[in-house]
There are 2 protein chains.
Amino acid sequence: MTTVDTPFAVLDTDRLDRNAARLRDHLATLGVPLRLHVKTSKSVEVAQRVHGNGPITVSTLAEAEHFADAGYRDVLYAVGIDPHKLPRVAALLRRGVHLTVLLDSLAQAEAVTSFAHKENLRVPALVEIDCDGHRGGVAATDPALPEIGWALGANLAGVLTHAGESYFAYTPGALREAAQNERDVAVAAATTLRGAGLPCEVVSVGSTPTAHAATDLTGVTEVRAGNYVFFDLVMAGIGVCTTDDLALTVAVTVIGHQPGRNQVITDGGWMATSRDRGTQAQAVDQGYGLVADADGRLIPGLVMTGASQEHGVLSTRDGEPVPDLPLGTRLRILPNHACATAAQHDRYHLVSGEVWARHRGW
Amino acid sequence: MTTVDTPFAVLDTDRLDRNAARLRDHLATLGVPLRLHVKTSKSVEVAQRVHGNGPITVSTLAEAEHFADAGYRDVLYAVGIDPHKLPRVAALLRRGVHLTVLLDSLAQAEAVTSFAHKENLRVPALVEIDCDGHRGGVAATDPALPEIGWALGANLAGVLTHAGESYFAYTPGALREAAQNERDVAVAAATTLRGAGLPCEVVSVGSTPTAHAATDLTGVTEVRAGNYVFFDLVMAGIGVCTTDDLALTVAVTVIGHQPGRNQVITDGGWMATSRDRGTQAQAVDQGYGLVADADGRLIPGLVMTGASQEHGVLSTRDGEPVPDLPLGTRLRILPNHACATAAQHDRYHLVSGEVWARHRGW
């Protein structure tokens, strides 16, 4: 790994394994299976390592196709379906991939049913339920929900909630509440459908914070989580993990010093870390990331405070002099948001020297 | 283009040509040649179209290698050199590429000279001069400057300034002043070197704002600019262009509606636009970008206010009801920062239907 030119993404598989075991054990006690979200790693090797060939969630059809090529057969495409994309969905179904789509409107349901009928296929679809006003979905009690269900007919597979607002839950109590609410709303939506005489086989919930905070998932059939394989400073900021759990870092090299401004300049800019400033609104703003030495040991007080395309600026949080980091020193940046940082890279360099590929595109 | 699944990057070559002609004409009146920065497009087709096989600037050695493969022979790598990377520099020099490196410290100069001596090569190097406290560089009057020059010996090629702070110059007067200062500091640094009996063949200045604002570049041998080929909302926000000049947009599709929150949901999230919020600190915060119809006509008042990985949220700036945009409607997002948005894509879809590849990595 030390012969590779910086910047590059570093993956600590010990931490990956520990993170995977933690959620696996927790969900085992709750008795609910995991549907791994692969949007964070977009790596078949990572998915194989933490989840074997188990059910997965994807954020793009390109991911679905990539993981189908690698043998995955149970895939949920968890972004509201654009009817233009249904031909690619059909192609995957015809390859024997059990691909489920997501929707939250009558217009989408009608488009899916019409397409499925024309293609003589079942296109399994979940209805997205809004549990916290975060993004998409209909309310569990919305009269539109059974209407969507009827419009889907035999394509109706169940309901899905995502507690996206749990990323802003800053106490263990708030996290538990978000998890309970996510479960309660999903189960309520299933009850609405069943009360209307419709089937609801799948009751899918999940986000990394709520997956860890949940204490009761009665009525839920699967939990989705993805970020937890790597974790990041946003997750550490809400207490779901500690900085010692971060499996993904970015290796950079010191290329300059600005003693007058108490700054160290590296060759890792936003192209390597992403522009994500997810901790900006948290109690502790971590800039573009914390700084560790080449072996991953945090350097206290040092923060990546600035980023150009291929330059990172390191400063101290408290104005103390920056440590002596000579030209050529290798460092590792702990990212705010692992999904965004990983997306800047085509491969992961394992501490062992092995290289794992990362997929991208749509 | 309309048969491609969204999201994807759209390139309007009419605007590209117009932007290229504008700077070409301006620099012709100033009598200084352009060294195109290819870090924005990372596309050989774009560079060929706006600049032929002329001199280029790169932000990574991977770019240098990629453009060398395409026949470019005069390349400036404008990020401070990490001595570990010198073997790749040597490989390019031995291929007949006139590759110039950048540095701002005695330690780097000594590493370059020692390497060049050992390899029996000349490694042309520019000394980075700090003109505005933006990032790297030594002051034009710093006694370290001639010391670095002497340490470089025959490798010394000249000086370089980059007025990075001009991105925060909000009036035509401030932009002209930034351009004048960038030129003055570069020429002063050349004078320092020459006064110490050292040669200074190259006096390189540039940034998109200052390249357009400069009125006198006496003593300057080349101007660097890259962003101007695409422009973006940050550049429009400081008055260097208008929103009608933006050549790069991101095509997205409407996948949902949240009438209760007056929101439209699209399939273009931060994976398609980047997390860049470069207009956040400007007079008008453009969120994650402005919104145009499928033909690129701005939809007044509509802003991309939120972004998840694969979801965009559109709202109105003034709380007026969002326009009627049915499921499946195609839109185009005008980005804050073209360099960051382009980096999220592997190809550009031209309005004509043609596809141009984009390079990435290090």
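In this predicted model, the end C-alpha atoms of residues 247–352 of chain A lie 13 Å apart, and the span is 8% helix and 41% strand. That stretch has a label, too: an unreviewed UniProt entry lists residues 247–352 of chain A as "domain: D-serine dehydratase-like".

Next comes the way the two chains sit together.

How much of each chain takes part? The contact draws 53 residues from chain B and 53 residues from chain A. Putting the chains together buries about 4,600 Å² between them, and carbon and sulfur atoms give 51% of that area. On the chain B side, the residues that lose the most area to chain A are Arg135(B), Arg360(B) and Trp362(B), which together make up 18% of what that side buries.

As for where the touching residues of chain B sit, the elements that give two or more of them are strand 4 (74–80), helix 5 (106–119), strand 10 (248–258), helix 10 (270–273) and helix 11 (338–342) of chain B. Strand 10 of chain B gives the most to this side, with 4 residues. Sorted by class, the side of chain B that touches chain A has 16 nonpolar, 21 polar and 16 charged residues.

Now for the salt bridges. Side chains of opposite charge can pair when their charged atoms come close. The structure holds 36 salt bridges over all chains, and 10 are found across the interface of chain B and chain A. One of the pairs is Asp346(A) with Arg360(B), whose closest N and O atoms are 2.7 Å apart. Arg360(B) has already come up as one of the residues that lose the most area to chain A. Another salt bridge links Asp276(B) to Arg275(A), the closest N and O atoms again being 2.7 Å apart. Here Asp276(B) lies in the loop between helix 10 and strand 12 (290–293) of chain B, while Arg275(A) lies in the loop between helix 10 (270–273) and strand 12 (290–293) of chain A, so this pair joins two chains.

In chain A, Thr6(A) and Pro7(A) are joined by a cis peptide bond with omega at about -5°, and Pro7(A) lies in the segment before strand 1 (8–11) of chain A. Over in chain B, a cis peptide bond joins Thr6(B) and Pro7(B), with omega at about 0°; Pro7(B) is found in the segment before strand 1 (8–11) of chain B. Finally, Ser274(A) has a phi near 80°, which is a positive value in a residue other than glycine. Ser274(A) is found in the loop between helix 10 and strand 12 of chain A, the loop that also holds Arg275(A).

How values were computed
Residues numbered from 1 in each chain as written. Chains lettered and ligands numbered in written order. Predicted model: local features only at pLDDT ≥ 70, side-chain atom pairs only at ≥ 80, totals over all residues. Heavy atoms only, no water. UniProt positions renumbered as here; feature names shortened; annotations may be inferred. Contact = heavy atoms within 4.5 Å. Buried area = accessible area lost by both parts, 1.4 Å probe. Salt bridge = Lys/Arg side-chain N within 4 Å of Asp/Glu carboxyl O. Nonpolar A, V, L, I, M, F, W, Y, C, P; charged D, E, K, R; others polar.
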